[in-house]
Amino acid sequence: MPQFILRRAGLAAVLLLFASVLCFSLVIAAPGNVAVLIAEQRSGTVTKSDVEKVEKELGLKDPMPVRYARWLGQAAQGDLGPSLRTGEDIVTAFWKRLPNTGLLLLGAGIVSLVVGGVLGFAGALLPGSTLDRLLRAAAMLGISVPTFFTGALLILIFGVVLRWLPVYGYDDIKGWIMPWLTLGIFPGCVLSRLIRVSIEDLATRPFVITARSKGFGQLHVIAKEILPNLAPILVTAFGTQFGIMIFGAIVVEPMFSIQGVGYYFIEAAKFRDFTVVQACLLLFAAFFIVLNATVDVCAIAVNPKTRRI
């Protein structure tokens, strides 16, 4: 197990380095001259001397490898530079917005587990029944509908027509309900299908057939025989879906005016704030890579039969 953790950590470090190269290259390759934008923000007018001054200050004329090494070295020390648009330190801006994004992801993760568990296990307990078919249809509908459409539908029904929930603002728990549902329904429906299919597959295994031949009921078989074997699959699937949620937050946060990292990224892209875009992409990549490494370790830990020494 320790050797597996070390190998997985090393792979994560390599992937993070490769992701940093992509983040830096994609933003640098974007059309437009960042020096012109900065010069215009500073003085309102752009002259050649102003542009050259900005390029010299930021080292924009240095070779690309030198610029990348400087940017990565500063990022490794926790210095992502200032925003080109506001001048605010990016790390400070992240820390102000991370709690909102974290709360959004936490609530949506709980929603996805509840939705996936209820739809998946309810159908598994009554396979082939009318309820099972209805739950399958509901799950397929949830998977097919885009996140932004789900959010718009919830706003229309619960915010505009019924007026049960606020359509923006997150000062109390009611303001978080629709964002959580919007972000959590899709992964929850994906998990429900995985749970339902996995239980159906595990139900045909010899150890389950043996348990049933001994007279154990459906609930006992699921709890004692199927769940321990389902746990690694569920951990891996939930980890993957939770990682995807960070990209869903980019859509959900502006929709409900939540001042989180996703909203910060959209605003930076809108105003071509390249330093913030770079930092956000690096943060998203690091989150996804670290999360997947953690999920791999957890999946091995909960399933000793597949543990690699």
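View 1. Of the 50 residues in the largest nonpolar core, the ones touching the most other members are F94, L104 and C280. The biggest share here comes from α12, which gives nine residues. A nonpolar core is a set of buried Ala, Val, Leu, Ile, Met, Phe, Trp, Tyr and Cys residues joined through side-chain atoms within 4.5 Å, and buried means under 20% relative accessible area, with exposed over 50% and partly exposed in between (1.4 Å probe, protein chains only). Helices (H or I, at least four residues) and strands (E, at least two) are DSSP runs, numbered from the N terminus. Apart from this core lies another, of 10 residues, including I195, L202, I222 and I226. In soluble globular proteins, nonpolar side chains tend to be buried together.

A word on the model: it is a predicted one, where local features need pLDDT of at least 70, side-chain atom pairs count only at pLDDT 80 or more, and totals for chains, interfaces and linings use all residues. Residues are numbered from 1 along each chain as its sequence is written, and side-chain values use heavy atoms, with hydrogens and water left out.

**View 2. Who C280 touches.** Leaving aside residues up to four places away in sequence, C280 is in contact (heavy atoms within 4.5 Å) with F94, V261, Y264 and F265.

**View 3. The second largest pocket.** This pocket holds about 320 Å³ of space. Its lining has 16 residues, and A75, L80, F94, L282 and L283 are the closest to the centre. At least two lining residues come from each of α1 (2-28), α4 (64-76), α5 (90-125) and α12 (274-301). By type, the lining has 14 nonpolar residues, two polar and no charged; Ala, Val, Leu, Ile, Met, Phe, Trp, Tyr, Cys and Pro count as nonpolar, Asp, Glu, Lys and Arg as charged, and the others, Gly among them, as polar. On a 1 Å grid over the protein atoms alone, a pocket is an open set of points with protein on both sides within 12 Å along at least five of seven lines, while a cavity is a set where a 1.4 Å probe fits but cannot get out; lining residues have an atom within 4 Å of a point. Grid points are joined across faces, edges and corners, and a volume is the space filled by probe spheres set on the points.

**View 4. The largest cavity.** Searching the whole structure turns up one cavity of 30 Å³ or more. The space inside the largest cavity is about 40 Å³. Among its lining residues are L119, D132, R136 and R196. α6 gives the most, with four residues, and the lining divides into three nonpolar, three polar and four charged.

**View 5. A salt bridge between R196 and D132.** These two side chains meet at 3.0 Å, N to O, in a salt bridge (a side-chain nitrogen of Lys or Arg within 4 Å of a carboxyl oxygen of Asp or Glu). Both R196 and D132 are buried. They belong to a network of salt bridges that links D132, R136, R196 and E200.

**View 6. A salt bridge between R8 and D296.** The side chains of R8 and D296 pair up at 2.6 Å, N to O. R8 is in helix α1 and D296 in helix α12, so the pair ties together parts 288 residues apart in sequence. R8 counts as buried at 12% relative accessibility, whereas D296 is partly exposed at 26%.
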